[in-house]
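Welcome! Here is a short tour of a protein model, from its overall build to its inner spaces. Please take a look at it first.

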Amino acid sequence: MNTAYALKNVHLIHGDASRNPQPNMTILINEQGLIENIAQDQELNIPSHYTTIDLTGKYVMPGLINAHVHLFADGKPLTLSVSEGLLDFAYHRILNTRFGRNVLKKRMKRNALTALHAGVTTMRSVGEFFYTDVQLRDEINRGEWVGPNLLVSGFFLSVTGGHGAPYLALVGDSPWEMRKNVRINVKNGVDWIKICVTGGVTDAKMVGEAGRLQMTVDEVAAVCDEAHKIGMKVAAHVESTEGVRVALQGGVDTIEHGAEMDDEIIHLYKNNPKALHGYTALIPTLQAAYPSASLDPSVTKLSATVKENSRLVYDSMLKGVKQAIDNGITIGIGNDAAMSYVTHYDMWRELDHYMRQTNLTNKDVIDMVTRNNAKILGIDDVTGTLDIGKQADLIVLDHNPLEQIEALSNMSMVMVKGNLIQNPSVTHIKEVDEVLNAVW
């Protein structure tokens, strides 16, 4: 059982753009970690056994939800130019050993805790090795340690030679092989299925390969049918317009990254009869492509091929974001933490990026990263806004994020399921922060 808390004198931001912030509020959180009551300070009698915390001058809002992360890396720059032979050796002789798996699990746990201390109370992990993400989620849910709410997808599903294959993916080359791989992931306890419809920047060998089509509509449809029949959603890695079309026609529930759209694609996002809920959401990851695309290779140590692929993908992804906003397509927010220059503690940079590149306001992006993300992920009944009956997943800030989004770069307190972290601490990666601060 948790301690019961009364947070008083808070400036409350609900996480819902349709509701105005409320000053001088008290939030009661019961021993089950649920929000028991929210009211004006003078209207609430605080039970004597509640621990009262006076938060005068502070802002309280729902915890951030990062809808696209990987826990296997921390955002330190990757060179991405090692040979197949070296990769094969590293995978079989180092990573896929008892020692390697233990190191990996410790690193993933550390990254999850970094995110939590940076205010991310919910993460959807979209591709990890060996179902280590399932293990971590289960440990958290059993109460063995306090971590973020984790939604996990285990291995990618890819085709032979596809994105993430063969190390980070189960490989299949027909609709029935795809169904089999869905079943393997389901048996291993995943919450989501993640497929790779096109190539990706990280393992492309030539310019233009990042968005090259890899899966067929029939293969995508088989995955979606197999997942949807048990109520499980499908996320699709896509980095080209034609890839988006194939993924949508197959019935995926979220498009990760995305690309420029045409009228057919816009219509399919909004009205997708094969998607689980009749529509597909877009989850761009601008911050993941931007540094590689815009920084000098002398800084990033990336090859000309990776830089050019990053630029092509970023430009198309940004056009897609603007089209999605203009056409009322549902957009979620994830930053692809683990990629080069994308850490688990700088979710605020993704929000800042949206505001610099579009006409979205602070209120809009805060709604997207809380309420809207929860809706897309199917967990809006338990988290995403501060409402009576929901989990106490919240953050306490010294400054108003509705005025400056960078207020989200520094947490005063973090609470997840009613577990209070009084003094959150994040170890920054200096080389990454210096580069990103110079870019903006």
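Of the 440 residues in the protein chain, 59% count as buried, meaning under 20% relative accessible area with a 1.4 Å probe, protein chains only. This is a predicted model, in which local features need pLDDT of at least 70, side-chain atom pairs count only at pLDDT 80 or more, and totals for chains, interfaces and linings use all residues. Residues are numbered from 1 along each chain as its sequence is written, and side-chain values use heavy atoms, with hydrogens and water left out.

**Overall build**
- The protein chain has 13 helices and 17 strands, which are DSSP runs numbered from the N terminus (helices: H or I, at least four residues; strands: E, at least two).
- A compact globule with 440 residues would have a radius of gyration near 22 Å, and the 21 Å of the protein chain agrees with this; the radius is taken over C-alpha atoms, and the rule is 2.2 Å times the number of residues to the power 0.38.
- Along the principal axes, the C-alpha atoms of the protein chain fill a box of roughly 65 × 50 × 50 Å.

**Nonpolar cores**
- A nonpolar core is a set of buried Ala, Val, Leu, Ile, Met, Phe, Trp, Tyr and Cys residues joined through side-chain atoms within 4.5 Å.
- The largest nonpolar core holds 102 residues, and Ile193, Ile195 and Leu408 touch the most other members.
- Helix α10 (residues 304–326) gives the most to this core, with seven residues.
- A second, separate core has 19 residues, including Leu7, Ile29, Leu55 and Leu420.

**Cavities**
- Searching the whole structure turns up two cavities of 30 Å³ or more; a cavity is a set of points on a 1 Å grid over the protein atoms alone where a 1.4 Å probe fits but cannot get out, and lining residues have an atom within 4 Å of a point.
- The largest cavity has a volume of about 80 Å³, where volume is the space filled by probe spheres set on the points, and points are joined across faces, edges and corners.
- Among the 13 residues lining the largest cavity, Ile13, Gly15, Asp16, Arg19 and Lys363 lie nearest its centre.
- Helix α12 (residues 362–376) supplies the largest share of the lining of the largest cavity, three residues.
- The second largest cavity has a volume of about 70 Å³, and its lining is formed by Trp192, Lys233, Asp253, Thr254, His277, Tyr279, Ala281 and Ile376.

Technical notes: Buried < 20%, exposed > 50% of the residue type's maximum accessible area, 1.4 Å probe, protein only. 1 Å grid on protein atoms, 1.4 Å probe; cavity = no way out; pocket = protein on both sides within 12 Å on 5 of 7 lines; lining within 4 Å.
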